[in-house]
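Could you walk me through this model in the viewer, one selection at a time? I would like to know what to pick next and what is there.

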Amino acid sequence: MYERRRNIVVRPDGRRVNVARFRGQLFVCASGCCCGRTEDGFAPVPAETFHREWERRRLRNVVHLTIGGCLGPCALANVVLLLFDGQAQWFHSIDSEALARALYDHVERMLEADRGLPPLPALAPYHFTASGWQPRPDGQPVEDARPWPPAQRTRGRSGMLSGMAAEGEALTVDRVVGVMEGRAALPRKNGELLFEEPWQGRAFGMAVALHEQGIYEWEEFRQALIAQIAAAEARGGPFGYYQIWLATFEELLARKGLVTPEEVEEATYQFEFGERDDVF
């Protein structure tokens, strides 16, 4: 078992205190923007099990436990960070008593071995990389590295366009739908417009809203959409209607000088990596 040693620290009031030097620390996200929020559709966090097992295994002065707020990778939810001997191991979707106990089994196994170890098989599917200095646990290269974007990119025309869409999303829908025939015809089911995912409805709404704002004539958008569909058909293979719709929308905005490809990429990155919340 881990050997405890004295560690005297002098407080500002002059008192000498023996402070435990932890071998590790377990951080459990239980009250962040997503972790444990069952009302928002996320799984519960087994916080009581984390605390009970920590006490039962007598880890108080060996591996400290912190149950609190956000740890960062919000797109995953129910995240746990285990620090051990200066190394970080991240886990996501820790939402059951069995997984909480498996984490402590992993901790005790490392204490017995007196060194860091890879996670047990029960934890391996939940192990991921969330620190810039770490390799991926599966040994594959990290391919999403890129320079941090300039601060001015995070706000600007793309944010303005989203707001415009939110204000005018339902405007002129009937008139727009009425002219979408032939190759450009919108997907329907029982006569009603069909959106299989929320982003498809938002992409449709933004295109209509910017037309209503006078950014472009609808015929210009329709002809650009027909050209994109023809190009996709020529390439062969399956394609989604609203993927083509979105590509047309982005191309048209770039042609008008309203957004740049870099701004589109940055906004996509922010949503993909949880830096922005989805809007429903």
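**Helices over the sheet**

Start by selecting α1, which lies across β3, β4 and β5 and runs at about 160° to β4. Keep in mind as you go that this is a predicted model.

**Where the helices meet**

With both helices shown, look at α1 (residues 47–56) and α2 (residues 97–113): their axes come within 9 Å and cross at roughly 35°. The crossing of α1 and α2 is right-handed. To see the contact itself, show side chains for T49, F50, R52, E53 and W54 in α1, which meet E97, A100, R101, L103 and Y104 in α2. Five of the residues in this contact are nonpolar, one is polar and four are charged.

Next, hide the helices and colour the strands. You have an open, five-stranded sheet with mixed pairing, in the order β4-β3-β5-β6-β7. β4 (63–68) and β7 (127–128) are the edge strands; each has a single partner strand, so one side of each has no neighbour in the sheet. Zoom in on β5 (residues 80–84) and β6 (residues 87–91), an antiparallel pair with five bridges. Here F84 has Q87 in β6 as its bridge partner.

Finally, select Q25 in strand β3 (residues 24–29). Is Q25 buried or exposed? Its relative accessibility is 19%, so Q25 counts as buried. The Q25 side chain makes a polar contact with the side chain of T66, at 2.8 Å. Beyond its neighbours within four places in sequence, Q25 is in contact with V63, H64, T66, L81, L82 and L83.

Note on methods. Residues are numbered from 1 along each chain as its sequence is written. This is a predicted model: local features need pLDDT of at least 70, side-chain atom pairs count only at pLDDT 80 or more; totals for chains, interfaces and linings use all residues. Side-chain values use heavy atoms; hydrogens and water are left out. Helices (H or I, at least four residues) and strands (E, at least two) are DSSP runs, numbered from the N terminus. Buried means under 20% relative accessible area, exposed over 50%, partly exposed in between (1.4 Å probe, protein chains only). A polar contact is a pair of N or O atoms within 3.5 Å; within protein, one must be able to donate a hydrogen and the other to accept it, and residues adjacent in sequence count only if both atoms are side-chain atoms. Contact means heavy atoms within 4.5 Å. Axes are lines fitted to C-alpha atoms, for helices over the stretch in contact, and angles run from 0 to 180 degrees between N-to-C directions. A crossing is left-handed if the near helix is turned anticlockwise from the far one by less than a right angle, and right-handed if clockwise. Ala, Val, Leu, Ile, Met, Phe, Trp, Tyr, Cys and Pro count as nonpolar, Asp, Glu, Lys and Arg as charged, and the others, Gly among them, as polar. Two strands pair if DSSP finds at least two bridges between them.
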